[in-house]
Every structure is written in structure tokens, then in C-alpha cells.
Amino acid sequence: MKQQTQAQKNSNLTKGDINAHLKRIAVPASIGFLFNTLFNVVDTFYAGQLSTEALAGLTISFPIFFIIISISSGIGNGTNALSSIALGEDNNKKYHLVAYNSFFVSVIIGLAIALLSPLFVEPLLRLTGASGESLSKGLEYIELIFYGSLFFVINFIINGLLYSQGNTKPFRNFLIIGFLANLVLDPLFIRGWLFFPEMGVQGIALATILVQFFGTIYLSYNLLKSEEFELSKFFSSKLDKASIYEIFHQGIPSALNNATIAIGIFIINYYALKYGGDSSVAAYGAGTRIEQLALIPTLGLNVAVLSIIGQNYGANKFKRIHKVRKKATIYGVAIMLLGAAIITPLAPYLIELFNDDPAVVEAGTTFLRIEVFAFVSYIFLNISVSVLQGIKKPIFAIVIGVYRQVLPFGLFYLLGTTLNMGVKGVWWGIVIINWSAVAITLVYTNYQLHKVEEKKSET
């Protein structure tokens, strides 16, 4: 039997100072997300250096790439939630059952994505209205990315098992190393340095796949040496229909919620092309990378909230659940207000880092200076979704996700065409949709917390 260590004590999130747990989990996770975003920033930077069409191509292909991320992170979040609850219940056997069946699900999904992607990639890109060189570049990039799908899914599964223990450092380390490797691999493959052929945007995709492959090896090693995981217990577990159902029940809503974001990006790209052309799409691609940098610390908070609430739900400690939610929200709002204050005056200079086309800089500056009004809304939405997943009420994520992506159909047209606001109508539409979604989400989350707490107290 493994000896009780400080690391194992840290994996128990039902005891100890909440602020300390939030900091210990969120800070490494946030640093990891920072380097993950910087990874994407590097890709965007090099695509912008190739041409405006290459940058637009990456931007229009991103929603399809996001399908992989959505499915992977959804199953990973489901694994995190279920394994956190198992640890909160002090049920190590169930933890390994979740792990075993999650790996099985990840392999099936990863292979299915790789095999089926040729059937839907080009039609989806054409739905955005893309054509010509932008479409060509988007296809070159995304068709290659899909071959690495398996590594993306497995990495999120392993990470979910580590996150449930409150251990966010391995994923942080992988993302830092991956970013540094990408700095070298991107130009190596894009420009054809040394003995490599010149691959253009396909070089960006190949670099990403190689980094994910390395991540699978590195994260597997860290899971094997983690405090709660034992290889013998993992292999003694069996395929279990109930566990697979729970993984999908927890993971699919999260995946579909993320997938609706991809749908939303499709819609935004469509209207950005309609009202502003390639320059607006390129500006949106660069602007969202900058926005993601501001959101990074809050992503770490989301991980901490899900892990801590999952364990405390398993242990029936609802007072701690409320405290975690309140503290995480306060920290998140403060961070986003600071981000908005920094980005607003620096917007044109930040866009120029990606593309110095005057039309792109102007469009990107406008986007960022409007989008900052939506920054705080992401805190309320994301933390609420994490809370709901932690208490095994994940379905609402789909509902609010669909709401946020269906409403743009009418609202963007109303603002952009009927009110003649053009592409500004798209940007302001995002702000309006997010804040209306916050109002709905807060009411629902409060209701579910109260309902679950009452039910637990009765039993």
C-alpha cells in the first residue's frame, strides 16, 4: 500500500483552506493555459506572416479544430468530475473504474474522428462562405490536424484523472514544453529549414500533432507515478456499461457546450465575412487570441472549482461548495476587469503583432474595444457550468450553449443589416447574448444547488 504523503493529503480537497486549494490548483493550471494560448498565438503569428489569406484560413478552420478540443475536453471534464466525486467518497476502486472506461471511450472517439473527418471538413468550411485561397489554406491545415485526434482525446482524459487529485502541474509542464517546442517546430516545417520540405500552413498542423504525441507520453508517465493511481487496479478494472454511461452523461453536455462555441464561431465568421470580408475574419482571429490571454487565469479557476466542488459533493460538504463558488467568482471578476483595463488602450498595438494590414488592425481594434464589455460575463458562465458539473447536473451546459449560438442568427442580422451597424453589430451582439445568458444561468444554478442540497440533507 502506498504510504500517506503530503501530495496525497493535498489531493483531499474536502479539508483544508479553500483559498490555498484554489491557489494550488488554479495557478499551475492557469500557467498551463497561458502557454497553451501562446502556442495558438505562435500558430496565428506565423500564419499571419505567411499572408492575410493564411491567417483567414486558420481562423475559418478553427471552429472545426475546436470540435476535437470540444469532444476531448468534454470527456476530460466528465472524467474529472466523476473521478473527483469518487475520491470525495473515498472510493479508490471507482476512481480506477472511471479511469479504465474513460481510456476506452477516448480511443474509440479519437479513431472515429480521424476516420470520419474527410466526410465533413470541406462542407463545413464552405458553410462559412469561405472560398478561394482562404478556403484552400484552411483545408490544408485542418485535414492534417484530424490525424492527431487520438492524442488530443487521451491527453484530456489523463489530465482529468490528474486534475481530480488537485494535481495540475504535469499538464502545466507539458504545455510549457509544448509551447517552446512549437516555437522551433513551426518555422522548421513552415519554411522548410534544414532538410525538411517547405510545408506552409501544413507545417503548423504537423508541429501541433507532434507536440500532442509527446504530451501523451509525458502525461502517462505522471499519471503512473501519481498518488491515487495504481496500474494493477487499473488493469483489474473492466468495461462497465454504467461507467461508460456516466462518462458520456457528464462529458457530452460539456462537449456539446464547447461544440456550440464552435458553431458560434462559424456564425461569427459568416457574418464577419458578409459585413467586412477577409480583413474582419483575420481581425477576429487575432482578437480572440488576445482575449484568450486575458481569460487564462479564469480557466485555471474553472479547473479548481470543478475539482474542489466534485470532491465536496461526494463528501456532502455544501458549505464548502458555496464558499468555493463565491471566492472563485470574486477572483475571476477582478482578473477580467484588470484585463479589460489593459487591453482597451493597447488594442491596435496588440493586433499589429499578428498582422500589420491597416484594415485588419482597424477591424481588430474595434472588435477588442467592444468585446471587453463581455469579459466579466465569461466568469459567471464558466464558473456556473463548473459548479453544475461538479454536482452532477451537467445538462444545462447544452441548453445555455444552444441559446448562445442560436440567438446570433437573428440578432446579428438585426444589428448588422436592419440597424445598419455592419460588423460592429456582430461584436455588440456577442456582448448582449453573453449577458442575457448570465442572467438565465445564475437563476438556474442557484435553483439546482438548493434542490440538490435539500435532497442530500433528507437522505
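Student: Is F234 buried or exposed?

Tutor: F234 is buried, with a relative accessible area of 10%. Buried means under 20% relative accessible area, exposed means over 50%, and partly exposed is anything in between (1.4 Å probe, protein chains only). This is a predicted model, where local features need pLDDT of at least 70, side-chain atom pairs count only at pLDDT 80 or more, and totals for chains, interfaces and linings use all residues. Residues are numbered from 1 along each chain as its sequence is written, and side-chain values use heavy atoms, leaving out hydrogens and water.

Student: How many aromatic pairs does the structure hold?

Tutor: A pair of aromatic rings is described by the distance of the centres and the angle of the planes. Rings of Phe, Tyr and Trp (its six-membered ring) pair if their centres lie within 6.5 Å; planes under 30 degrees apart are stacked, over 60 edge-to-face, and the rest tilted. The structure holds 22 such pairs. The rings of F234 and F235 have centres 5.3 Å apart and planes at 80 degrees, so this pair is edge-to-face. F235 is exposed, at 58% relative accessible area.

Student: What kind of pair do F373 and W428 form?

Tutor: F373 and W428 form a tilted pair, 5.6 Å centre to centre with 35 degrees between the planes. F373 lies in the loop between α13 (358–371) and α14 (375–390) and W428 in helix α16 (residues 423–458), so the pair ties together parts 55 residues apart in sequence. Helices are DSSP runs (H or I, at least four residues), numbered from the N terminus. W428 is partly exposed, at 32% relative accessibility.

Technical notes: Helices (H or I, at least four residues) and strands (E, at least two) are DSSP runs, numbered from the N terminus.
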